[in-house]
Amino acid sequence: MAEQLWGGRFSKSTNEMINEFQASIQFDKRMYHEDIAGSMAHAKMLAKCGIISDEDCSKITDGLQNILEQIEHGDFDFSIDLEDIHMNIEKRLTETIGEAGGRLHTARSRNDQVALDTHMYVRRETAAVQKLILDLQTAFVATAKKYSDTIMPGYTHLQRAQPILFSHHMMAYFSMLSRDFSRFKGVYERCDIMPLGAGALAGTTFPINRQMVADELNFSAVYANSLDAVSDRDYIMEFLSAASILMVHLSRISEEIIFWCSREFSFVELDDAHCTGSSMMPQKKNPDVSELVRGKTGRVIGHLMAMLSTVKGLPLAYNKDLQEDKEGLFDTIDTVKFSLAVYAQLIRGMKVNKENMLKAVQEDFSNATDLADYLVKKGMPFRSAHAVSGKAVHYCIEHNKWLEDLTMDEFKSLSDLFSEDIHEAIKAQTCVDNRNSYGGTSPKQVQMQFELAQNILNNEQQQLSLYK
């Protein structure tokens, strides 16, 4: 069993089962890059402040660089007895360079060290998620433009409601993702605060320069309160919250795509590369990507609930409970990144069946509102027009007709305000074209959404370029 770096106070080794129970190296080893970068910055600061010698700083930096290369080449054996990534690296460093390695931990605790690593890791992964969001937004815009003139039924209560452009529907998801990008921007800002130098909870007696470390690691701010620095997990909860909302958005489009590619709808055809078949039924083409994303959404939401529950009863400052912040976080990061990446491919590869979408609009009563609006424009109060339109729908159902099939005499029997232009007024294309209010589904308004989307994408790209 490896000698614990904190074992001086103890007369008995930790039970092997307890070692395994409390160890986090199985999952926090993915933060090796952040841990080494943080230690290098810390060593430089200690030397600059005269706390360790320049010679020791050089040995530490070279030793850490060698360890980084070993890990990246798969030549580093992590030990569960050393609990976590911090202890594993420090132990190897001390074995490699000797006494100088033991000076690295001067003026810091694992409490502020793990906080630093996690801040840096979440900051980096937040930027990666935002980049993937931008790519998926671009995919939605490209698909919307590709099928910009396609008319489909818009739904409420999963009942056909009013004709809309398919491009308008796609741009709704673009808008959702824009808010997701903005939420992660806020997460990034809360990650971008440097906790190292807070010590275990109360700071340190050494004359350190925390701002120097922050500058070295490209942090925009430094925690002003040491208790807050080691116990703050708000940025993790925010990441999990933003990730949960993002996954809910992906789950919603998943639900629609699952419907749309079914035989009952036949609105879209997914690329074979994004589907699987059945081991028993040769005709099957299953929308596995959409189903998996819908299923994984619950897992991500669960990680948010777990983190909120973990933190809700913790007194200041650090408690071992906070080690539970990482597994759910890491799984969420992996899940969100993979879901975004595969969805961008799916949206780009999706084929839209224009004819089936238009047929669905023509064989329903989604133009009933337009019939009522027609009467309002002729001078009838809307409530009265609504009633007339409802009677027209009832009449059509009884006589196995659609509104477009009614003769002029049948329209006149419902209201004398109807004239020959009613048939043009309730055509699907007219219904779409006339919804020209700001944000509506008319081609003109959708074109404006495309222009707005390009501005948003440019701003998001600019935001990503500002990250250090």
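A pocket, on a 1 Å grid over the protein atoms alone, is an open set of points where a 1.4 Å probe fits, with protein on both sides within 12 Å along at least five of seven lines; lining residues have an atom within 4 Å of a point. Grid points are joined across faces, edges and corners, and a volume is the space filled by probe spheres set on the points. The views below come from a predicted model, in which local features need pLDDT of at least 70 and side-chain atom pairs count only at pLDDT 80 or more, while totals for chains, interfaces and linings use all residues. Residues are numbered from 1 along each chain as its sequence is written, and side-chain values use heavy atoms, with hydrogens and water left out.

**View 1. The largest pocket.** Its volume is about 430 Å³. The lining has 17 residues, and those closest to the centre are C261, S262, R263, E269 and K285. By class, seven lining residues are nonpolar, six polar and four charged (nonpolar: Ala, Val, Leu, Ile, Met, Phe, Trp, Tyr, Cys and Pro; charged: Asp, Glu, Lys and Arg; polar: the others, Gly among them).

**View 2. The second largest pocket.** This pocket has a volume of about 340 Å³. Y155, H169, Y173, R252 and E256 are the closest to its centre among 17 lining residues. At least two lining residues come from each of β1 (151-156), α7 (166-191) and α10 (234-260); helices (H or I, at least four residues) and strands (E, at least two) are DSSP runs, numbered from the N terminus. The lining is made up of nine nonpolar, five polar and three charged residues.

View 3. R123 sits in helix α6 (residues 110-146). R123 counts as buried because its relative accessibility is 7% (buried: under 20% relative accessible area, with a 1.4 Å probe and protein chains only). Its side chain makes a polar contact of 2.8 Å with the side chain of D192 (a pair of N or O atoms within 3.5 Å, one able to donate a hydrogen and the other to accept it; residues adjacent in sequence count only if both atoms are side-chain atoms). A polar atom of the R123 side chain also lies 2.9 Å from the backbone oxygen of N218. Neighbours within four places in sequence aside, R123 is in contact (heavy atoms within 4.5 Å) with Y188, C191, D192, L217, N218 and F219.

View 4. The whole structure has zero disulfides (pairs of cysteine sulfur atoms within 2.5 Å). For C396, the nearest cysteine sulfur belongs to C431 and is 14 Å away. C396 is buried, at a relative accessible area of 0%. C191 also counts as buried, at 0% relative accessibility.

Conventions. Buried means under 20% relative accessible area, exposed over 50%, partly exposed in between (1.4 Å probe, protein chains only).
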